[in-house]
Amino acid sequence: MSLVILTLTSLWALWLVAPTKSMLVKLISRSTSPEVSLAFLNELKGQEPQSRTIVFMQAQNQYELGLVNDALESLNPILFYSDGRRDWHSHSLFLAILLQQSYSDDAAVKEKATTKIATFFSGIDYIPEANLARQFADAAISLAMPTFAYQFLYPHLKSGETSYKELVELALQTSDYENAAKLQREAFMEYQSLESLASLIKLNQTANNTAANLHFFHQYDGKLSNNPQYLTLVIQHAKTAGELDLALDKSQQLLALEPSTPLLLETADIAIAMGNLPLATELLIQVINDDPTSTALTKLHSVYRWQSDIPNAFQTSLILLQQGANEAQIRAGIEESKALGDIYHEGVFFDALAYSNALKPSEYAAWLNALEKAKGTPDALRSITKLSAKRPYDSALISHKARLYSYNSDHLQVIKQRNKLIRLRKPTTDEAMRFANAYMALYQPEQALRVLIEPTEWTTANDDYLRMVAALAWDSSDKQLAQLSQQYLMQRSTANVDVYRYIQLHAPFDVKDVDELTRLYKESGDSEFLLLAIRVSNEAPQSNQTATLFELASKDTDLKNNAEVTYYRALLAIEQGQTVLAHQLYQQAISSEVSFQPAINNYMWWLIATNDHDKLTRVYDSYRLPLANNSDFWSVFAATAQQLGRNDEADLWYRRQIKATDKPDVALLLNYASLLELREQYDRAYQLRKYAAKNMTTSLLTLPDGDISHRALLALFVGDKTALKLAEANTLAAPSSNNIAELIQYYLAQGRPDVALYWHEKTALSQYQLPDWQQLSFAIAQHDRETMEKLLTESLTLPVSDKNYALQAVGRHQQAWQQAQQEIGVLTDKVAEKQLRKNHVNQHPNKTHSVRTQQTTITQWGINRFSLDYYAPHHNGYYRLAVISSKLTLLIF
């Protein structure tokens, strides 16, 4: 036992005296001389080549001595344990050595070291110790290898060696936004501060990942969820991102916590943007109830308009108007007033627009219309006068002022406005019409007409305008302008034609105008055109259009029974030899409800010419009293009464004609002379004819066939020979039916029918038509029974004596006897009756007797004479048996 103890004690003592390997290693590590330490370590390594501690210390001393490559070579074998685990102390030294090389000034060495470090780092997935991870991360950071730094530090986030901020920055350096955001979100959830929230939001925005922020806002329900600053931040970011639902939700949440006018307005804006107009309305009303600012009112007004809530929008516009609305707000008020039919407030809004000088010329009419209806013309005039002061050269304002003055019948002011306007521009047709009416009211039609033609486009104005021009031109006797305005009216429609003025302006018409008148009738349907065409056609010497015109008239409701048209048809019937039809038409024309007086006149002249005493008497008796005061009928009444033997009445009509004029017509005097001669007032008849021949030759020659009457007077006062020579010369110079008939009359009166026949048959005068009585004279002279028969049957104008003689000549003695018996004592033409009596007596001498009584009184001489005569025919004359006075004297001849 004691031996054992002694041995152990000896061994212990020996151990204390002799150093062990581990002690030796410790002593080497404490050495301040790396060269000594390296020498000992080399010896130790020879003894224990596998000792990791010795190798590590060897590498460490080599590193200190600057033997970098030797150090790295020494470290390589011990970087990993045999089981594959990493020797982090060796890794740390290995990194330090490489890191030192990376700081070398030698670019090649530096680049090689950096590459080795990158390779070295790439093999490390995880560093278990936080401080070592920090070391490796710092190295990576210094070499701009943030990926490795993030990789080494992230597992040690909670160790205190790193922070969320650093890791986020490292992730961002490699554009690893996902991890950066994840770390930032974790940081916020850990601290839940506004600062970390701001960082998270900024990070997501930098990563262009607004959706992440919105997702976070939707999901977050932590301690900041009711924080006003948080809510404000969320609202702003949600609005920016267009996440209006989130913005509205958070805004309403914030309103519940901290209500304010700006927030109400902002929330209302969000509601508007979302189309939640009822909520916006509610919010804006809250704002206005607290503070009715124009901004809130403007927004509320817009919300009402978007909801088509015009009444409330209108009420809002009224409040804005009171606060001093801008132009857009005033115009909105105008629109709303119109929509509600509130003409009064429309005028109020328009007036506000005018007051602010914001009215557009195109709005003048609507403004004044509303203002006039709202407040009356005087207020409108006052308002427009104020605006005119600001716009003195606004022609539209001048025009409207003129219109308002015209409403007040202030014609002088209207004209004053016209004078202002004309300095700026020509008036429009509406303006010209207004100015013209003012001039008309002041009795200045010429000025009115001048104003109407001032507009450049007056010829294209409406029909009423052109009619006014036409009327004023007519009244002013401006024929050219009247025709021009009528022409423009007719170019548009013939219905615009004033027929009366058209006729007056274009008269006289001739047959060349018939086609145009017919066209106007067909286009306008106005019967006056057709009636005028018929008149013109009837007056033409030869017209082939009459029948066509009558056909048109027969289809016209106004003309088919028209008395004047019927009269013209009667004239055509006479021309065509349709005597019976002519009588019927004349009767129709003069017996219609509105009889055509020229038809009465002409009918009577025709009856006079045809010796139709029966019809003539009926017509004369029907109209002589109703038309007694119509001077147009005195001439025909005189001729009718004279032909009917009612000489006293004829004398009355002639006298009325003569008294009605200071210068009696020569034809009237001659006709009156004929009547006086019939009434056996030969001296007066002679004097009248002498007066006419001496003083009225010129007038006589201007009458139709007046030269014939003039030669008849020459025959009376100078002699038949002189008259015959003149008739021959006149006939040769200007042959006509009447001139030839005059010439032949002279020859027949002289008993020279052979000469008359020569002139008519052997010369160029044979082409002219002779009167029926001259044709009958030629037929009797030539014993032309056929011609005599024809004339007796067809002619209506044969003298009774000639007709009687012809009846005897053709052997119709009984008819001649009956005709004479009917006419004798009835004829008013005494000369004709004497000729008839002569023929009648010569035909039946044994049946002819007559008795005559006469009483002659010459008072100044005291003579009173009475006689009773009996007559009987004799082949050389006649017998007469007379008893005179108180004495019986028998005289036989």
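Helix α40 (residues 666–678) has 13 residues and spans 19 Å from its first C-alpha to its last, close to the 18 Å expected at 1.5 Å a residue; the expected span is 1.5 Å times one less than the number of residues. This is a predicted model, where local features need pLDDT of at least 70, side-chain atom pairs count only at pLDDT 80 or more, and totals for chains, interfaces and linings use all residues. Residues are numbered from 1 along each chain as its sequence is written, and side-chain values use heavy atoms, leaving out hydrogens and water. Helices are DSSP runs (H or I, at least four residues), numbered from the N terminus.

**Helix α40**
- Buried residues (under 20% relative accessible area, 1.4 Å probe, protein chains only) in α40 are V666, L668, L669, L670, Y672, A673, L675 and L676.
- Just after α40 comes E680, with a positive phi of about 65°.

**Helices α16 and α18**
- Helix α16 (residues 261–274) packs with helix α18 (residues 294–306) at an angle of about 20°, their axes (lines fitted to C-alpha atoms over the stretch in contact) 12 Å apart.
- That angle makes the two helices, α16 and α18, roughly parallel (under 35 degrees).
- On the α16 side, L265, D269 and I272 make contact (heavy atoms within 4.5 Å) with A296, K299, V303 and W306 of α18.
- By class, this contact of α16 with α18 has 5 nonpolar, no polar and 2 charged residues; here Ala, Val, Leu, Ile, Met, Phe, Trp, Tyr, Cys and Pro are nonpolar, Asp, Glu, Lys and Arg charged, and the others, Gly among them, polar.

**Residue T377**
- You will find T377 in helix α23 (residues 377–390).
- T377 counts as buried because its relative accessibility is 16%.
- Leaving aside neighbours within four places in sequence, T377 is in contact with E372, L404, Y407 and N408.

Conventions: Axes are lines fitted to C-alpha atoms, for helices over the stretch in contact, and angles run from 0 to 180 degrees between N-to-C directions. Angles under 35 degrees count as roughly parallel, over 145 as roughly antiparallel, 65 to 115 as roughly perpendicular and the rest as oblique. Buried means under 20% relative accessible area, exposed over 50%, partly exposed in between (1.4 Å probe, protein chains only).
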